[in-house]
Every structure is written in C-alpha cells, then in structure tokens.
Amino acid sequence: MNSELVNKFQLEDKIAVITGGVGLLGMKHAEAIAEMGGTPILLDIDDEKGKTAAEKLSVKYSKNCSFYNCDITNEDAIVNVKNEIIKIYNRIDILINNAAIDSKVEPDGKKQLSRLENFSLKQWNLEISVGLTGSFICSKVFGEVMAKFGRGVIVNIASDLGLISPDQRLYRKDGLQEDEQPVKPITYSIIKHGIIGLTKYLATYWADKGIRVNALSPGGVFTNQPNEFTSKISKLIPLGRMANEDEYKAAIVYLCSDASSYMTGSNLVIDGGRTII
C-alpha cells in the first residue's frame, strides 16, 4: 500500500468545528474527523444531546472532543466560542458549515403551511438565518483565524436541492385538494443554492491565504421514511435508493484532508445520480 497516498487522508491533530454537530449528518461528520485522527468540536443548541455526543466521541476515539451550546446566528456568541477554542487548541484547522433547518411544516387544520401562499415570513427569516446567515457568520469568524495562520479548510454542506428544485410530486397525498397538498417549503432549496454561491465566493476571497473552500451536496438519507415516499424518490435516483447515513463520511475526509489539496470552489455531488437526469 502506498503510505504517502494514505497519509494524505489523515487528519491527525486537526481541530474541526462542526455546526449542527448533534444532528444526524453532523455526528457522522464528527465521526469521520475523529476516525482519521482529528478532534471534532460540536456546535449546536441542544445542550443535553451535545454534551452526550461529545462524551461518546471522546471515549470511542480517545479524543478530547468538545461541545459548545451556541446559536450560530449570533455573531457575538460565535466570537466567544472562537476565543475559547483558541485558548485551548491555539488554532482552528477545519470548519464544516452543516447547521440547517429542514422544515417539516405541519398543516393547521386544512391549511397547509408549507405551501408558498401560506409560508410565513417569520419561518422564512428563521430558516435563512440558520442555514445561510449562520454559515456566513461562522465562515467570517473562524475563517479569519485560518487566514491569520495561512491555512485551513471550509466545507459547506449543500444538497442535491442546491442544484435542482424539489419535485413536489414526492409529497402529494391522495384525496386532498390542490391547496391542501403538502410541499417541500421554498426555503431549503434556496438556502442550499446560496450555500454553493457562498462556497465559490469564499474560495476566491481566501485563495491567497491558504484556505480551501468546497461544498458537499448529499442526496437524501434513508431514516425510515414512509415506504410511499422512499418508493417515489428511489425511482428518481439512478442507483435506485436513498443514501445510507454512513455514505458521506469518506467524502468529508477527502474534502477536509490533503487528499483534495488542489480542489477549491467546487461542489462535490453525491446523490446516487439524481441530479444528472
């Protein structure tokens, strides 16, 4: 085995900040970092889950994994977290902008709140603030640290819906009037399109500072969704299925490591082929 090649995938002693760190994919990103020798630092607003997750990661991988209860839409809070991390580790090597709200708006009686006509400005602002503004703030604050050190990696988690619009046929229910039909809300796809744009901007902005910035666009992950939904979406995917929850870990390692040393401003699409047809 070519040890020089294998070594390019190592993340030994790298300090990696992961927003939305206790969510399904956030935890998988953290596992990927830890498995390759890095130290994941989880940011989230779920205090109980966060502390438990950090403790489990620390024990399993013999790493001093940390958790910070932090609202990523609050710049002062992010600056405080940055200062704490620098005190402990003296650097930040990796930022994974993973936090987002995947809105599952429930109907209010027969009024389907997910539909564009009924979608509230309050919900729009909330989801934009977490998914897009939060990524901007974290990139600004943690990226500035990386720039001072002359090295770093930012990975923005986009989506296949950052390339295509939601296929609303996936969510239709028999027997409902058109104005009662559930839909994927407007925000998620728009935010993920914006994340890809943010990636390109940051990649050129910090190219001379040794910071690489790329996006990962995963497809849907199977988490025991109803059979009707999984059957519909699987027909839209050339590989014929949704992703398993572990299938993006290798991509995270690749994007965060020297294995992708000549890659910046790119969007790595791993969606079973859904966006190619």
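Let me start with a term: a residue is buried when its relative accessible area is under 20%, exposed when over 50%, and partly exposed in between, using a 1.4 Å probe and protein chains only. Helices, for their part, are DSSP runs of H or I with at least four residues, strands are E runs of at least two, and both are numbered from the N terminus.

Hello everyone. What we have here is a predicted model, where local features need pLDDT of at least 70 and side-chain atom pairs count only at pLDDT 80 or more, while totals for chains, interfaces and linings use all residues. Residues are numbered from 1 along each chain as its sequence is written, and side-chain values use heavy atoms, with hydrogens and water left out.

First, the overall picture. The chain holds 8 helices and 7 strands. Its radius of gyration is 19 Å, close to the 19 Å from the globule rule for 277 residues, so the chain is as compact as a globular protein of that length. That radius is taken over C-alpha atoms, and the rule is 2.2 Å times the number of residues to the power 0.38. Of the 277 residues, 49% count as buried. Taking contact as heavy atoms within 4.5 Å, 76% of the contacts between residues at least 6 apart in sequence join residues at least 24 apart.

Now to helix H8, residues 249-256. How many of its residues are buried? The count is 6 of 8, so to speak a mostly covered helix. The buried ones are Lys249, Ala251, Ile252, Val253, Leu255 and Cys256. Their cover includes helix H2 (24-35) and strands E4 (94-97), E5 (152-157), E6 (211-218) and E7 (267-270). Lys249 also belongs to a network of salt bridges with Lys28, Glu31, Glu35, Glu245 and Asp246. By salt bridge I mean a side-chain nitrogen of Lys or Arg within 4 Å of a carboxyl oxygen of Asp or Glu.

The whole structure has 18 salt bridges. One of them joins Lys140 and Glu75, with the closest N and O atoms 2.9 Å apart. This pair links distant parts of the chain: Lys140 sits in helix H5 (residues 121-149) and Glu75 in helix H4, 65 residues apart. Both ends are partly exposed, Lys140 at 38% relative accessibility and Glu75 at 30%.

An α-helix has 3.6 residues a turn, so residues three or four places apart point the same way. Glu84 is partly exposed at 34%, whereas Lys87 is exposed at 67%.

Arg274 lies in the segment after E7 and Asp160 in the loop between E5 and helix H6 (186-205), so the pair ties together parts 114 residues apart in sequence.

I'll end with Lys82, in helix H4 (residues 75-89). Lys82 is buried yet has no salt bridge. Which side chain of opposite charge is nearest to Lys82? That is Glu144, 5.8 Å away; here Lys and Arg count as positive, Asp and Glu as negative, with His and the chain ends not counted. Leaving aside residues up to four places away in sequence, Lys82 touches Ile92, Val141, Phe142 and Val145.
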